[in-house]
Amino acid sequence: MINTQPQKVIISPIGKRDDELIELIAAEIESVFGHKTESIPLLDSVDFAFDPVRRQYHSTPILEKLSELAPSQAMKVLSIVQDDLFIPILTHVYGEAQLGGRACMVSTYRLREGLSLAGNRDAYQRRVVKEAIHELGHTFNLRHCRDSACIMHYCHTVEDVDRKTGQLCRYCKVLLEDELEIFSKS
């Protein structure tokens, strides 16, 4: 059977664009997931998701909009925002994904905590790349992992993000390989 599924992961920056960071994320996506990327802005703003009481942006409606706007060549969409995100049951999130779905996003807002960007740009970029891969992993049905070193480990703090590696554990790697095989056959 010939695979007619879209094969690109769309990286969609919202707001200020950081080309160096996008290139790092793109390289890691190709390394981990084996798919090419393309950078396409799909949304100009996330103001429609602003909650004035919390003074944050509700990530779920943003994901829904990204999924709707995804171009035909998009296998998955990863958005990068600078705004502070939340879901109703948590005070904040570093990102959110549609489990087994098409869209995910990562926020750089809280990933800057404890860092001065001038002296710690590498640490900041590592955090964002890890969380981008983590959220994209969810779109391939990967769930949170108990292994604190695995990139799919749930992080409560930026220190947790710093502690985990940029790699999938052996178990999550097998699960991803299975998902990628299923996807390539559909």
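**Salt bridges, cysteines and a pocket**

Analyst: Asp18, Glu20 and Arg121 are linked in a network of salt bridges. Please keep in mind throughout that this is a predicted model.

User: How many salt bridges does a search of the whole structure find?

Analyst: Side chains of opposite charge can pair when their charged atoms come close. For a pair to count here, a side-chain nitrogen of Lys or Arg has to lie within 4 Å of a carboxyl oxygen of Asp or Glu. When the whole structure is searched, the number of salt bridges found is 10.

User: How many residues apart in sequence are the parts that Arg121 and Asp18 tie together?

Analyst: Arg121 and Asp18 form a salt bridge in which the closest N and O atoms are 2.7 Å apart. Arg121 belongs to helix H3, residues 117-139, while Asp18 sits in the loop between strand S1 (8-13) and helix H1 (19-33), so the parts that this pair ties together are apart in sequence by 103 residues.

User: In which helix does Glu20 lie, the residue that pairs with Arg121?

Analyst: The side chains of Arg121 and Glu20 meet in a salt bridge, with a distance of 3.7 Å from N to O. Because Arg121 lies in helix H3, this pair ties together parts that are 101 residues apart in sequence, and the helix that holds Glu20 is H1.

User: Is Arg121 buried, partly exposed or exposed?

Analyst: A residue is called buried under 20% relative accessible area and exposed over 50%, with partly exposed in between. Asp18, at 22%, is partly exposed, and Glu20, at 44%, is placed in the partly exposed class too. For Arg121 the relative accessibility is 26%, and therefore Arg121 counts as partly exposed.

User: How many disulfides does the count come to?

Analyst: A disulfide is a covalent bond between the sulfur atoms of two cysteines. The two sulfur atoms must be within 2.5 Å for a pair to count. The sulfur of Cys150 is 3.8 Å from the closest cysteine sulfur, that of Cys172, which is too far for a bond. Cys172 is itself in no disulfide, with the nearest cysteine sulfur, in Cys169, 3.7 Å away, and the count of disulfides comes to zero.

User: What is the relative accessible area of Cys172?

Analyst: Cys150 counts as buried, its relative accessibility being 1%. Cys172 is buried as well, and its relative accessible area is 4%.

User: Which residue has the backbone oxygen that the side chain of Ser107 reaches at 2.5 Å?

Analyst: Ser107 lies in strand S8, which covers residues 103-107, and at a relative accessible area of 1% Ser107 is buried. A polar atom of the Ser107 side chain lies 3.1 Å from the backbone nitrogen of Tyr109. The backbone oxygen that the Ser107 side chain reaches at 2.5 Å is that of Asp83.

User: Which helix supplies the largest share of the lining of the largest pocket?

Analyst: The largest pocket holds about 370 Å³ of space. Of the 21 residues that line the largest pocket, those closest to its centre are Val93, Gly95, Glu135, His144 and Tyr154. Strand S7 (95-97) and H3 each supply at least two residues of this lining, and the largest share, four residues, comes from H3.

User: How far apart in space are Val46 and Arg121, C-alpha to C-alpha?

Analyst: Val46 is found in the loop between strand S2 (37-39) and strand S3 (50-51), and at 2% relative accessibility Val46 counts as buried. Leaving out residues up to four places away in sequence, Val46 touches Ile14, Tyr57, Ile62, Val81 and Asp83. Val46 and Arg121 are 75 residues apart in sequence, and their distance in space, C-alpha to C-alpha, is 25 Å.

Notes. Residues numbered from 1 in each chain as written. Predicted model: local features only at pLDDT ≥ 70, side-chain atom pairs only at ≥ 80, totals over all residues. Heavy atoms only, no water. Buried < 20%, exposed > 50% of the residue type's maximum accessible area, 1.4 Å probe, protein only. Polar contact = N/O pair within 3.5 Å; in protein donor to acceptor, adjacent residues only side chain to side chain. 1 Å grid on protein atoms, 1.4 Å probe; cavity = no way out; pocket = protein on both sides within 12 Å on 5 of 7 lines; lining within 4 Å. Points joined across faces, edges and corners; volume = space filled by probe spheres on them. Contact = heavy atoms within 4.5 Å.
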